[in-house]
Amino acid sequence: MARGSRRANVAREVIFAPEAQEDLLNLYDYIDERSGPQRAHDYTERVAAYCLSFDTFPDRGTRRDDLRPGLRMIGFERRVAIAFHVTASAITIDRIFYGGRDWEVQINETPE
């Protein structure tokens, strides 16, 4: 490949939708009740940091156009499913689902 012909990897802003923010708070509360505040803090910080890493490589995960055009889903540490979509300038984290929640039903209830 000739020098300069590679596509530049441009960082995009990562935005947490209000529903995703609420999901993180609920996840914190859930873990806090069962395992304490430090474990809840550490886990939710790892989830948030993982989401923020989408800024330079957003086209990961599985496309789920069957649920909503442009929707992508990706797992985190085998317990969390993250729903997001990508635009030219940003990655929006739509929802963060923990455990065995029926996220396919809930994603259809999330405003676009």
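This is a predicted model: local features need pLDDT of at least 70, side-chain atom pairs count only at pLDDT 80 or more; totals for chains, interfaces and linings use all residues.
Let's start with the rings. The structure holds six aromatic pairs. One of them joins Phe54 and Phe84: their ring centres are 4.7 Å apart and their planes meet at 50°, so the pair is tilted. To follow that, remember that planes under 30 degrees apart count as stacked and those over 60 as edge-to-face, with the rest called tilted. Now find the two residues along the chain. Phe54 lies in the loop between helix H2 (37-52) and strand S2 (62-63), while Phe84 belongs to strand S4 (residues 80-86), so this pair ties together parts that are 30 residues apart in sequence. Both Phe54 and Phe84 are buried.

Arg60 lies over the face of Tyr50, 5.8 Å from the ring centre, and the charged end of Arg79 sits over the ring of Tyr98, at 5.1 Å from its centre.

Finally, visit the loop between strand S3 (71-76) and S4, where you will find Glu77 and Arg78. Most residues other than glycine have a negative phi. Glu77, however, has a positive phi near 50°, and Arg78, which is not a glycine either, has a positive phi of about 60°. How exposed is Glu77? Its relative accessibility is 41%, so Glu77 counts as partly exposed. Arg78 has a relative accessible area of 85% and is therefore exposed.

Note on methods: Residues are numbered from 1 along each chain as its sequence is written. Side-chain values use heavy atoms; hydrogens and water are left out. Rings of Phe, Tyr and Trp (its six-membered ring) pair if their centres lie within 6.5 Å; planes under 30 degrees apart count as stacked, over 60 as edge-to-face and the rest as tilted. Helices (H or I, at least four residues) and strands (E, at least two) are DSSP runs, numbered from the N terminus. Buried means under 20% relative accessible area, exposed over 50%, partly exposed in between (1.4 Å probe, protein chains only). A charge sits over a ring if NZ of Lys or CZ of Arg is within 6 Å of the ring centre and within 35 degrees of the ring normal.
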